[in-house]
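The entries follow the order in which I looked things up.

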Amino acid sequence: MNFDYNSTRPKLILAEYGRNVQNMVDYICTLPTKEERNKHAQIVIDMMGVLNPHLRDVSDFKHKLWDHLQIISDFKLDIDSPYPIATAKSVKHEVEHLGYPQHSIKFKHYGFTVEKMIDKALKVTDEPKREQMVIGIANFMKMAYVTWNKDSVSDELIIQDLKELSGYQLTLPEGTVLTKLDFKTPPPGNRVKGPTTGNSSGNNNNSNSNNNNSSGYQSKGGGGSGKPRMSNNNNNMKRNNFGGSNNNNNNNRNRKPQNNYNNNKRG
């Protein structure tokens, strides 16, 4: 038995339309007259619009369907299209090569820009201007070195690298001091948004002392024994409770029993 697998079939040109549309377009190409081809092509265009309704959101989607019909037929379909017939050159654009610079950089931590600046400095004939450019290049090299290495670097090393890059044509006098660079970043945990004042620390101390007093303990430094003592709030509560009980007793004494009063009134 011979099985028909998709892997053995011809490759679909536009897979989103399916195998049936591909077969119908191939059949249209075999029709002898142009009238028949135009009639069947219109039917296939309508079916393609139903199979891909998202193309209706595209501006001039009918034009796109007719272009897809030509692409599916591999640009072999001879029909009367209401739009300009698409060709292989108008649809398939060759990708332009994107050139990428390839440079052999001697010291990659300085970059290729330093080498271009050195070449430009070598072409300067004015000596004072050339010296200023060399100092500027050396300072830039030091900044680039510290940016990548994040450690301190000696000026002698920068001057020696400058000599090598320039072919020992650009030199700086001995004792030249380059710009001092400190590559330091504060840790993220120590960043404070607003200024701190001394009053805030005083308020914190006062609040701590109040909390200690309310806990009911007496410090040893104040002459106490360090034992717990009753807080003022508890003492006031007990006094109020005692006072309330006395008032209740007095009120009970002043009351007259109702039963006796009623019996006396009846008699």
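**Entry 1: H2 against H3.** I began with the handedness of this pair in the predicted model, and found that H2 passes H3 in a right-handed crossing. On the H2 side I listed Ala41, Gln42, Val44, Ile45, Asp46, Met48 and Gly49 as making the contact, and on the H3 side Lys62, Leu65, Trp66, His68, Leu69 and Ile72. Sorting these residues by class, I counted eight nonpolar, three polar and two charged in the contact of H2 with H3. I then looked up the geometry, which gives a packing angle of about 115° for H2 and H3, with the axes 10 Å apart. Because angles of 65 to 115 degrees count as roughly perpendicular, I noted H2 and H3 as roughly perpendicular to each other.

**Entry 2: H1 against H2.** Next I took helix H1, residues 18–29, and helix H2, residues 34–51, and read off a packing angle of about 165° with the axes 10 Å apart. The crossing of H1 past H2 is left-handed. From H1, I found Val21, Met24, Val25, Tyr27 and Ile28 meeting Arg37, His40, Ala41, Val44, Met47, Met48 and Leu51 of H2. The residues of this contact divide into ten nonpolar, one polar and one charged.

**Entry 3: H1 by itself.** I checked the length of H1, which has twelve residues and reaches 17 Å from its first C-alpha to its last, close to the 16 Å expected at 1.5 Å a residue. Which residues of H1 are buried? I found Arg19, Val21, Gln22, Val25 and Ile28 in that list, and what covers them includes H2 and H3.

**Entry 4: Asn52.** I located Asn52 in the loop between H2 and helix H3, the latter spanning 61–72. Is Asn52 buried or exposed? Its relative accessible area is 6%, and as buried means under 20%, I recorded Asn52 as buried. Setting aside residues up to four places away in sequence, I found that Asn52 touches Glu16 and Tyr17.

**Entry 5: His109.** I placed His109 in the loop between helix H4, residues 88–91, and H5. With 28% relative accessibility, His109 counts as partly exposed. Leaving aside neighbours within four places in sequence, I noted contacts of His109 with Ala144, Tyr145 and Trp148. I also looked up the pair His109 and Asn149, which are 40 residues apart in sequence and 8.6 Å apart in space, C-alpha to C-alpha.

**Entry 6: Leu122.** Last, I found Leu122 in helix H5, which covers residues 112–122, and read a relative accessible area of 26%, so that Leu122 is partly exposed. Which residues does Leu122 touch, not counting those up to four places away in sequence? I listed Arg130, Ser166, Gln169 and Leu170. For one of these, Leu170, I also noted the separation from Leu122, which is 48 residues in sequence and 7.6 Å in space, C-alpha to C-alpha.

Note on methods:
Residues are numbered from 1 along each chain as its sequence is written. This is a predicted model: local features need pLDDT of at least 70, side-chain atom pairs count only at pLDDT 80 or more; totals for chains, interfaces and linings use all residues. Side-chain values use heavy atoms; hydrogens and water are left out. Axes are lines fitted to C-alpha atoms, for helices over the stretch in contact, and angles run from 0 to 180 degrees between N-to-C directions. Helices (H or I, at least four residues) and strands (E, at least two) are DSSP runs, numbered from the N terminus. A crossing is left-handed if the near helix is turned anticlockwise from the far one by less than a right angle, and right-handed if clockwise. Contact means heavy atoms within 4.5 Å. Ala, Val, Leu, Ile, Met, Phe, Trp, Tyr, Cys and Pro count as nonpolar, Asp, Glu, Lys and Arg as charged, and the others, Gly among them, as polar. Buried means under 20% relative accessible area, exposed over 50%, partly exposed in between (1.4 Å probe, protein chains only). The expected span of a helix is 1.5 Å times one less than its number of residues. Angles under 35 degrees count as roughly parallel, over 145 as roughly antiparallel, 65 to 115 as roughly perpendicular and the rest as oblique.
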